[in-house]
Amino acid sequence: MKKNQSGPVSILPPARKALSYARVSSKEQEKEGFSIPAQQKLLQAYADQNGIVVEREFVDVETAKHTGRQNFEEMVRYLKRHEAVRLVLVEKTDRLYRNLKDWVTLDELDIEIHLIKEGVVLSRESKSSEKFVHGIKVLMAKNYIDNLSEEARKGQQEKAEQGIWPTKAPRGYINTTGPNGKKIIVPDPKTAGAITHLFGWYASGTLSLKELALRAKSAGLTYRSTGKPLPTSGIHQILRNRLYTGEFNWKGHLYKGRHAPLITRELWERVQGVLDGRNAKKPKSGKPEFAFAGMISCGHCGCAMTGEIKKRRYIYYHCTGYKGKCPEPYVREEILGERFSDVLAKLDFGESTLGWMTTALRESHGDEQKEHEAAIARLKGEHERLQNRIHAMYLDKLDGRVDRAFFERMSSEWRSEQERCLREMGWHQSADQAYLEDGIQLLDLAQKASRLFAKQEPEQKRRLLKFVLSNSTWKNGELAATFRQPFDLIAQTASGPGGGGGKNGAGLSGHTVWLGNLDAKPDS
């Protein structure tokens with residue numbers, strides 16, 4: 001406190017600066033009460049209560065299934081430019097990110113994230129248990145989006161079974177709306193003729209793909225967006241596409257399409273014969289399977305460690321030496337397997353810790369459950385409104401106000417919408433439980449990783465390691481491995497006081513886990 005002539009003057013600490021972020025992933029969420037204004041109001045009230053000044057607000061109205069959200073990326077750039085702003089306010093986990101790369105991007109910035117509805121503040125100083133539960137929430141949020149994508153794929157499958165091409169029209173066709181209101185494909189008057197000629201030219205067997213690409217350019221077949229000519233790979237893709245015959249393959253099944261064909265099946269088969277004759281390949285000789293191929297780099301020079309068979313039975317790994325002679329000696333595959341098994345054992349946190357982890361997951365399940373319940377209520381209301389429409393129109397038909405054909409057409413469309421509502425309600429009911437089950441399965445995998453590894457074949461071992469680990473290096477007879485998230489948090493939990501994990505139930509406080517950032521999503 002300072003003094004001047006008029007008396008003492010209080011010096012208040014400066015207000016902390018923050019950014020706020022709000023997001024909705026669909027118009028449906030807007031309807032269900034998760035609107036942008038509602039989120040912003042909550043964040044501003046929290047800031048006022050805690051003496052925080054919101055420097056800027058960032059908003060996205062789009063899915064976070066893929067990174068690249070415009071305002072999320074802008075917020076990241078702002079945080080990088082303004083080191084004085086280290087706080088981010090957000091409603092809850094799945095508003096901020098729904099994929100693993102976004103999680104890592106923010107984690108690298110060393111910021112403090114306030115999840116208002118969850119009552120959680122995350123920072124570098126947060127407990128490992130808090131980080132672990134947060135990691136599980138991120139994975140479950142990603143699973144939620146994946147399930148939505150699965151529902152979209154189911155809709156595409158239904159269209160395919162009806163003989164309708166379910167996605168973007170290939171070159172030679174355009175997407176349009178059919179008489180019944182469904183999206184269909186029809187021949188493109190600008191390019192359909194050129195596609196037909198393309199097959200005819202190549203069926204003669206006198207042209208190479210490169211020569212055919214030149215003819216395609218002359219016929220006006222170019223990229224729609226840029227107008228550039230198609231490369232030979234693009235021409236090859238067209239010639240292999242069965243859709244031009246009136247049939248199409250979808251998810252491994254052949255369907256009879258409703259669209260108009262551009263060529264006959266006989267012409268397509270002749271073209272396949274020409275392609276197969278030109279592209280006949282010699283059978284590949286069988287190569288030995290190396291369990292850790294592409295998994296380890298040399299700790300001396302950074303080159304890859306490659307496998308090699310000695311005396312026709314022993315597998316050794318050694319540095320490729322692309323950067324010059326390397327001092328690292330050869331190592332047997334069995335030794336590497338033992339070291340990897342020791343690393344995976346760090347994920348075994350023991351039964352004593354499973355209880356509180358399960359409890360934390362059940363608590364985090366609450367917000368997801370509310371969203372599912374809101375969606376189910378909306379779908380039930382929509383189903384009921386459609387039923388009321390059908391009933392009212394039936395009465396109009398009896399009274400002669402609408403004819404039979406109109407009633408049957410409209411009631412058929414409304415019943416299809418009702419079926420969609422029932423499917424989505426069923427998905428929300430099953431996804432509600434799947435959120436919790438997937439989290440427990442993740443913990444189960446961590447517990448059993450070391451034992452599974454010991455029993456698996458080389459290809460399965462490689463898949464397990466790619467899922468759990470990212471970077472692994474071998475130097476002076478020692479393996480250093482980096483856990484992917486959230487397995488790094490599980491390892492921290494297992495190695496902490498009371499973790500009780502590791503081989504034979506021994507504690508892991510003596511082990512060092514080399515933590516790092518997630519460069520790619522696990523190959524599940």
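Both faces of strand β5 (residues 87–90) are covered: Leu-87 and Leu-89 are buried on one side, and Val-88 and Val-90 are buried on the other. Keep in mind as you look around that this is a predicted model. Below is a friendly walk through the strands, helices, cysteines and a few loop residues.

**Strand β5 and its neighbours**

- Strand β3 (residues 16–24) pairs with β5 in the parallel sense, over four bridges.
- Within that pairing, Ala-18 has Leu-87 of β5 as its bridge partner.
- Strand β6 (residues 112–115) also runs parallel to β5, and four bridges join the two.
- Here Leu-87 stands opposite Glu-112 in β6.

- Three strands form an open sheet in the order β13-β14-β15, and their pairing is antiparallel.
- The edges are taken by β13 (305–310) and β15 (331–332); each has a single partner strand, so one side of each is left without a neighbour in the sheet.
- Strand β14 (residues 314–319) and β15 run antiparallel and are joined by two bridges.
- In this pair, Tyr-317 stands opposite Val-331 of β15.
- The loop between β13 and β14 holds Arg-312.
- Arg-312 is a residue other than glycine with a positive phi, near 65°.
- With a relative accessible area of 83%, Arg-312 is exposed.

**The cysteine pair Cys-301 and Cys-319**

- How many disulfides does a search of the whole structure find? The search finds zero.
- Cys-301 is in no disulfide, and the nearest cysteine sulfur, that of Cys-319, is 3.4 Å away.

- Another open sheet of three strands has the order β12-β16-β17, with mixed pairing.
- Its edge strands are β12 (297–298) and β17, each with a single partner strand, so one side of each is left without a neighbour in the sheet.
- Five bridges join β16 to β17, and these two strands run antiparallel.
- One of the paired positions is Ser-472, whose bridge partner in β17 is Ala-481.
- Helix α11 packs on this sheet and touches β16 and β17, with a direction that makes about 130° with that of β16.
- Helix α14 (residues 458–468) also lies across β16 and β17, running at about 105° to β16.
- Asn-476 sits in the loop between β16 (469–475) and β17 (478–483).
- The phi of Asn-476 is near 55°, a positive value in a residue other than glycine.
- Asn-476 is exposed, at a relative accessible area of 55%.

**A look at helix α11**

- Helix α11 (residues 333–345) has 13 residues, which at 1.5 Å a residue should span 18 Å; the C-alpha atoms at its ends are 18 Å apart, in agreement.
- Which residues of α11 are buried? They are Glu-333, Leu-336, Gly-337, Phe-340, Ser-341, Val-343, Leu-344 and Ala-345.

**Where α7 meets α9**

- Helix α7 (residues 192–203) packs against helix α9 (residues 232–240) at an angle of about 90°, and their axes are 11 Å apart.
- That angle makes α7 roughly perpendicular to α9.
- On the α7 side, the contact is made by Ile-195, Leu-198, Phe-199 and Tyr-202.
- On the α9 side, Ile-235, Ile-238 and Leu-239 take part in the contact.

- Gln-162 is found in the loop between α6 (128–161) and β8 (173–177).
- Its relative accessible area of 32% makes Gln-162 partly exposed.
- Not counting residues up to four places away in sequence, Gln-162 touches Lys-182 and Arg-258.
- Gln-162 and Tyr-255 are 93 residues apart in sequence, while their C-alpha atoms are 8.5 Å apart in space.

Notes: Residues numbered from 1 in each chain as written. Predicted model: local features only at pLDDT ≥ 70, side-chain atom pairs only at ≥ 80, totals over all residues. Heavy atoms only, no water. Disulfide = S-S within 2.5 Å. Buried < 20%, exposed > 50% of the residue type's maximum accessible area, 1.4 Å probe, protein only. Pairing = 2+ DSSP bridges. Expected span 1.5 Å × (residues − 1). Contact = heavy atoms within 4.5 Å. Axes fitted to C-alpha atoms, helices over the stretch in contact; angles between N-to-C directions. Parallel < 35°, antiparallel > 145°, perpendicular 65-115°, else oblique.
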